[in-house]
Amino acid sequence: MPLDAADAVTRYLSRLGLSESPAPTAAGLADLHRRHLDAVPYENLAIVLGRPDPTDPGETLARIAAGGNAGYCFHHNGAFEVVLRALGFAVERRFGHVQGRAVPPLNHLVLLVTIGGQRWWPDLGLGDGLRDPVEVTAGEIRQGPFRYEITDVGAHGEWTFRHDPAAGSFGAIDVRASRPSDAQVAAAHRVLSTPPDGRFTRTLVVQRRDDTGAETLRGIRYQRAGDGAFARDLAAYDDWRAVLESLGVNLAGTGDEDLRSLHARMLAAHAEWAAAGGG
């Protein structure tokens with residue numbers, strides 16, 4: 001591994017509160033997974049501000065290691081793959097497709113880790129999804145207040161994941177055995193992050209999963225699913241900005257004018273949605 005990449009891994013582990021490299025075990029994987037979720041939120045701030053970050057895994061890891069934001073699934077899981085390989089984990093990519101979202105077909109990057117003959121799925125890019133990696137076997141999964149299910153497990157590393165039907169922000173993901181390249185991920189990212197049709201260009205989304213639930217800021221609506229559930233709208237800019245920071249979003253380098261403009265856009269979109277009968 002190049003020295004700069006090795007340094008990025010070391011600084012990444014430091015951001016997660018680790019002074020030593022964890023062993024490539026199931027326990028080590030779970031510890032990394034939880035620490036990352038606690039430290040680095042899922043978000044699309046750069047995209048809705050019109051300056052999307054590339055999905056290059058090395059660039060993303062360096063940004064995270066320096067204390068910056070990651071992005072969404074392509075960023076989180078791409079960087080995590082680099083870290084896992086550096087730590088000695090056997091990791092492969094898989095093609096993920098969130099059901100109900102036709103374009104692009106590749107809209108989720110999945111990692112598959114093999115430890116002692118068992119296949120584990122860590123996923124830092126599900127927003128309100130997994131708190132811990134799960135073994136890829138068919139059946140129901142309970143994590144905190146949420147109920148998930150894995151079905152249709154194939155011999156070549158394919159499966160379907162079904163989110164909690166009562167609380168999830170999406171329905172299901174189909175995982176295919178093909179292994180998307182960096183170029184394929186980058187092409188899909190361009191579709192998702194380019195206005196006016198890119199899915200991630202319309203509404204600010206920030207999510208953070210913890211032991212007992214998940215918090216989401218979507219536009220101006222701030223809500224929690226799971227223990228201590230709530231929902232409230234942040235019409236005041238200062239309240240909205242404070243929640244961004246409380247969820248772990250790094251606002252360094254983002255001008256106040258840009259943030260105020262974004263909040264005004266989200267406020268207007270929310271008002272339009274409410275007037276159309278939104279709940």
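Predicted model: local features only at pLDDT ≥ 70, side-chain atom pairs only at ≥ 80, totals over all residues.

Reader: Which residues of α7 and α8 meet?

Author: On the α7 side they are Y237, D238, W240, R241 and L244. Their partners in α8 are D256, L259, R260, L262 and H263. Sorted by class, this contact holds 5 nonpolar, 1 polar and 4 charged residues.

Reader: How is a pair of packed helices described?

Author: Two things are used: the angle between the helix axes and the distance between those axes. For α7 (residues 237–246) and α8 (residues 256–275), the axes come within 10 Å and cross at roughly 105°. Angles of 65 to 115 degrees count as roughly perpendicular, and therefore α7 and α8 are roughly perpendicular to each other.

Reader: At what angle do α4 and α5 cross?

Author: Roughly 90°, with the axes of α4 (residues 57–65) and α5 (residues 73–86) coming within 8 Å. That makes α4 roughly perpendicular to α5. P57, T60, L61, R63 and I64 of α4 make the contact with H75, G78, A79, V82 and V83 of α5. Those residues divide into 6 nonpolar, 3 polar and 1 charged.

Reader: How many residues does the largest nonpolar core have?

Author: It has 26, and Y12, L29, L32, F80, L84 and F89 have the most contacts inside it. Elements giving two or more residues to this core include α4 and α5. Beyond its sequence neighbours within four places, Y12 touches residues including L61, I64, F80 and V83. Another core, of 19 residues, lies apart, with L45 and L262 among them.

Note on methods
Residues numbered from 1 in each chain as written. Heavy atoms only, no water. Axes fitted to C-alpha atoms, helices over the stretch in contact; angles between N-to-C directions. Helix = DSSP H or I, 4+ residues; strand = E, 2+ residues; numbered from the N terminus. Parallel < 35°, antiparallel > 145°, perpendicular 65-115°, else oblique. Contact = heavy atoms within 4.5 Å. Nonpolar A, V, L, I, M, F, W, Y, C, P; charged D, E, K, R; others polar. Core = buried A, V, L, I, M, F, W, Y, C linked by side-chain atoms within 4.5 Å. Buried < 20%, exposed > 50% of the residue type's maximum accessible area, 1.4 Å probe, protein only.
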